[in-house]
Amino acid sequence: MSHSHAMMALLNTIATRPLQSARLTARVPDAVRAAEFSRHWPQSAEAPAASADAQDLNPLRVYFEGHDQGRGIWKWLHYFDVYHRHLEKFVGSDARLVEIGVYSGGSLEMWRDYLGSRANIVGVDIAPECKVYENEWTAIEIGDQADRQFWSGFRERHSRIDVVIDDGGHQPEQQMTTLEELLPYLAPGGVYICEDVQGQGSHFAAFTHALADHLNASHSSSVAGVPRTAVTPLQAAVHSITYYPFMVVIERNSWSPAEFIAPKHGTEWQPFFK
């Protein structure tokens with residue numbers, strides 16, 4: 001969706017859904033409050049001690065630190081902890097990892113080394129020169145990540161996708177289009193990582209914040225005294241949205257919950273809460 005189309009959609013929402021528009025407007029003071037809280041973080045607040053040994057326990061960081069020759073890899077160092085935390089479950093499997101933004105090709109080799117010989121790696125780049133990195137375990141697709149027709153054809157050629165790492169053009173429209181075209185088609189348990197979401201006021205960050213807000217959708221009822229709420233299509237598909245400095249990680253559900261319920265267990269209750 002272009003910026004002009006997005007503006008038209010916003011104006012249409014204001015005109016046709018005044019209640020929703022009022023709720024969005026009402027959240028502005030909350031955003032201002034959060035900004036002030038972050039800006040005036042207490043200097044006396046306890047911070048964890050730095051760990052010099054953490055990198056030794058992370059095989060991706062170990063690979064990166066030892067990669068002094070060959071194809072280039074360019075990453076923020078704190079990304080390696082995030083990668084390992086969310087992708088370790090795919091190690092040794094036949095997972096298909098799609099990396100958008102091939103650049104010098106070094107990270108394609110890193111993913112293969114990390115995941116193992118059964119993994120399938122797919123690199124996506126707009127530069128035709130990146131075809132040189134294609135080999136027996138790496139497919140290279142040349143296309144524009146903001147082009148929905150490209151992604152439609154891509155999904156036909158790669159029907160199963162377990163991991164997406166968007167390190168491509170870094171423009172919010174590119175990031176949003178790619179997420180819309182790939183996230184719904186990730187395999188159960190799949191992981192979607194968007195890198196370099198830098199700068200306050202990012203449109204992509206606002207986009208994913210809104211998705212996170214919809215994870216909280218609730219239309220609760222009670223059956224036999226047990227609160228329950230139906231699961232929305234988004235809640236059925238998405239397990240979590242996690243934010244890190246410069247990174248957003250979205251995980252797909254391995255299975256779809258039929259509903260959310262809140263049963264009580266125990267026999268002793270305070271009289272003011274029954």
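## Working chat: aromatics, sheet and loops

Me: Which residues form one aromatic cluster?
Reply: Phe 64, Tyr 79, Phe 80, Tyr 83 and Trp 111 form it. Keep in mind that this is a predicted model.

Me: How many aromatic pairs does the structure hold?
Reply: It holds 10 aromatic pairs. One of them joins Tyr 83 and Trp 111, and that pair is edge-to-face. Their ring centres are 4.9 Å apart, with 85 degrees between the planes.

Me: Where in the chain do Tyr 83 and Trp 111 come from?
Reply: From distant parts of it. Tyr 83 belongs to helix H5, residues 79–87. Trp 111 belongs to helix H6, residues 106–115. They are 28 residues apart.

Me: Tyr 83 and Trp 111: buried or exposed?
Reply: Both are buried.

Me: New topic. Which ring does Arg 155 lie over?
Reply: Arg 155 lies over the face of Tyr 185, at 4.1 Å from the ring centre. There is also Lys 264, which lies over the face of Trp 269 at 5.3 Å from the ring centre.

Me: On to the sheet. In what order do the 7 strands stand?
Reply: The order is S3-S2-S1-S4-S5-S9-S8. The sheet is open, and the pairing is mixed.

Me: Which strands stand at the edges?
Reply: Strand S3 (138–142) and strand S8 (238–244). Each has a single partner strand, so one side of each is left without a neighbour in the sheet.

Me: How many degrees are neighbouring strands turned against each other?
Reply: 15 degrees on average, direction ignored.

Me: What holds strands of a sheet together as pairs?
Reply: Strands pair through backbone hydrogen bonds, in either the parallel or the antiparallel sense.

Me: S4 and S5: parallel or antiparallel?
Reply: Parallel, over 5 bridges. Val 163 stands opposite Val 191 in S5.

Me: And S5 with S9, parallel or antiparallel?
Reply: Antiparallel, over 4 bridges. S5 spans residues 186–194, and S9 spans residues 247–252. Tyr 192 has Ile 250 in S9 as its bridge partner.

Me: What is the bridge partner of Ile 241 in S9?
Reply: Ile 250. S8 and S9 pair in the antiparallel sense over 6 bridges. They form a hairpin with 2 residues between them. In the turn, Phe 246 has a positive phi of about 70 degrees.

Me: How many residues of S5 are buried?
Reply: 8 of its 9 residues are buried, which leaves the strand mostly covered.

Me: Which strands does helix H8 lie across?
Reply: H8 (residues 172–182) lies across S1 (96–100), S4 (161–166), S5 and S9. It runs at about 175 degrees to S5.

Me: Loops now. Where is Ser 117?
Reply: In the loop between H6 and strand S2 (120–125). Ser 117 is exposed, with a relative accessible area of 62%. The C-alpha atoms of Ser 117 and Val 91 are separated by 9.6 Å, though the two are 26 residues apart along the chain.

Me: What phi does His 170 have?
Reply: A positive one, about 70 degrees, although His 170 is not a glycine. His 170 sits in the loop between S4 and H8. At 31% relative accessibility, His 170 is partly exposed.

Me: And where is Asp 196?
Reply: In the loop between S5 and helix H9 (203–214). Asp 196 counts as buried, at 15% relative accessibility. The cut-off for buried is under 20%.

Me: Last one. How many helices and strands are in the protein chain?
Reply: 10 helices and 10 strands. Of its 274 residues, 38% count as buried. Among contacts with a separation of 6 or more, 64% are between residues 24 or more positions apart.

Key:
Residues are numbered from 1 along each chain as its sequence is written. This is a predicted model: local features need pLDDT of at least 70, side-chain atom pairs count only at pLDDT 80 or more; totals for chains, interfaces and linings use all residues. Side-chain values use heavy atoms; hydrogens and water are left out. Rings of Phe, Tyr and Trp (its six-membered ring) pair if their centres lie within 6.5 Å; planes under 30 degrees apart count as stacked, over 60 as edge-to-face and the rest as tilted. Buried means under 20% relative accessible area, exposed over 50%, partly exposed in between (1.4 Å probe, protein chains only). A charge sits over a ring if NZ of Lys or CZ of Arg is within 6 Å of the ring centre and within 35 degrees of the ring normal. Two strands pair if DSSP finds at least two bridges between them. Axes are lines fitted to C-alpha atoms, for helices over the stretch in contact, and angles run from 0 to 180 degrees between N-to-C directions. Contact means heavy atoms within 4.5 Å.
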